[in-house]
Amino acid sequence: MDWGQKNRISKVIRPKTGKSVMLAVDHGYFLGPTTGLEDFGKAVKPLIPYADTLFLTRGMLRTCVDPNTDVPIMLRASGGTSIIGPELLHEGITISIEDVIRCNAVGIGYSITVGMPWERDTILDFSKWVDDCNRYGLVAMAVTAVGKDMVRDAKYLGLACRMAAEHGAHVVKTYYCDQDFEKVVNSCPVPIVMAGGKKIPELDALTMAYNAVKAGAIGVDMGRNIFQSDDPVAMIQAIREVVHNEAKPEKAYELFKKLRKPGHSPKKTVVDQEEQDEAKV
Ligand code: R5P
């Protein structure tokens, strides 16, 4: 691996701990406005100081994030379908490598949809991203998107993560499963970050992050359980305690409660929030 690529990876996975708290705020690319991110710039700004990397679309980056920021950027590079369309996750390439570089991003995240009828297209497109990222020294992260009717178990996630690594992913983002998550991690030779999934109570989310890291994940690329938390700024700090300082979930939850301020909870003003909550995404 070239120096530039190693250097970019070190921006995402912090060398001091070998861990990462990536903040995923790309949801609008298929959900539109979602609770907590209606006013994207206002919501994300106070979280940036606690994020090791921001994962988002180029549109939100250019319109809502201060270019003077120090936070490393990973850009969502797939999309094309929406929560109301007939084929959610039938995604294709939504940005060029030139524009990724122009945005000064350290890398991209691309969803592979193993098991869906169009799995082949996403694997082949992801492989092209690996070539592009290797050519320019960027980080290619595969996101193991899970179709509506699929089970998020170790068998499925293990298959998807391993395939991502076999096709050259430098980092793999996947969901957590209660049973045998360490088998998913152990059979994937590249670093794994855990996506949080739907909003759950704060202590449960901290416990999930703790268990994922204990099983060998190098951290999280978490969204809703941070920006839809009762206090997003307190929650991201609590997540950091778990990921970087190996804090037990109960201890991190105590920190969350200590930092939590009244009135910081996002209001559910999004018109289709109930549909979003019911969708298996
Ligand atoms: C994944 O495909 C989404 O776009 C999010 O980046 C991902 O699901 C992580 O966010 P959350 O923790 O909300 O699941």
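Predicted model: local features only at pLDDT ≥ 70, side-chain atom pairs only at ≥ 80, totals over all residues.
Reader: Let's start with the whole chain. How many helices and strands does the protein chain have?

Author: The protein chain has 13 helices and 10 strands. Its radius of gyration is 17 Å, close to the 19 Å from the globule rule for 281 residues, so the chain is as compact as a globular protein of that length. If you want a box, the C-alpha atoms fill roughly 45 × 40 × 40 Å along the principal axes.

Reader: What share of the 281 residues is buried?

Author: Buried residues come to 46% of the 281. For contacts, take those with a separation of 6 or more: 69% of them link residues 24 or more positions apart.

Reader: Now the sheet. Which strands form the closed barrel, and how do they pair?

Author: Follow the order 1-2-3-6-7-8-9-10: these eight strands make a closed barrel with parallel pairing. Between neighbouring strands of this sheet the turn is 25 degrees on average, ignoring direction. For a close-up, go to strand 3 (residues 73–76) and strand 6 (residues 107–112), which run parallel and are joined by three bridges. There, Met-74 of strand 3 stands opposite Gly-107 in strand 6.

Reader: Which helix packs on the sheet at strands 6 to 9, and what angle does its direction make with strand 8?

Author: That's helix 7 (residues 154–166), touching strand 6, strand 7, strand 8 (171–175) and strand 9 (192–195). Its direction makes about 165 degrees with that of strand 8. Helix 1 (residues 3–12) is another case: it lies across strands 1, 2, 3, 6 and 7, and runs at about 50 degrees to strand 7.

Reader: What sits in the loop between helix 7 and strand 8, for instance?

Author: His-170 has its place there. To judge burial, count C-beta neighbours: His-170 has 23 inside 10 Å, so it counts as buried, the cut-off being 20 or more. Beyond its neighbours within four places in sequence, His-170 is in contact with Ile-9, Val-139, Ala-140, Met-141 and Val-190. Val-190 is 20 residues away from His-170 along the chain, yet their C-alpha atoms are separated by 6.1 Å.

Reader: Where do Leu-89 and Asp-180 lie?

Author: Both are in loops: Leu-89 between strand 4 (78–79) and strand 5 (92–93), Asp-180 between strand 8 and helix 8 (181–186).

Reader: And their surroundings: is Leu-89 buried or exposed, and what about Asp-180?

Author: Leu-89 counts as buried, because it has 21 C-beta neighbours inside 10 Å. Asp-180 has 15 other C-beta atoms within 10 Å, so it is partly exposed.

Reader: Last stop, the ligand. Which residues come nearest?

Author: There are 15 residues around the ligand, and the nearest are Ala-24, Ala-195, Gly-196, Gly-223 and Arg-224. Two elements give two or more residues to this shell, strand 10 (219–222) and helix 10 (224–227).

Reader: How does the shell split by class?

Author: The shell has six nonpolar, six polar and three charged residues.

Key: Residues numbered from 1 in each chain as written. Near = placed C-beta within 6 Å. Helix = DSSP H or I, 4+ residues; strand = E, 2+ residues; numbered from the N terminus. Nonpolar A, V, L, I, M, F, W, Y, C, P; charged D, E, K, R; others polar. Pairing = 2+ DSSP bridges. Axes fitted to C-alpha atoms, helices over the stretch in contact; angles between N-to-C directions. Contact = placed C-beta atoms within 7 Å. Rg over C-alpha atoms; globule rule 2.2 N^0.38 Å. Buried ≥ 20, exposed ≤ 12 C-beta atoms within 10 Å, placed from the backbone.
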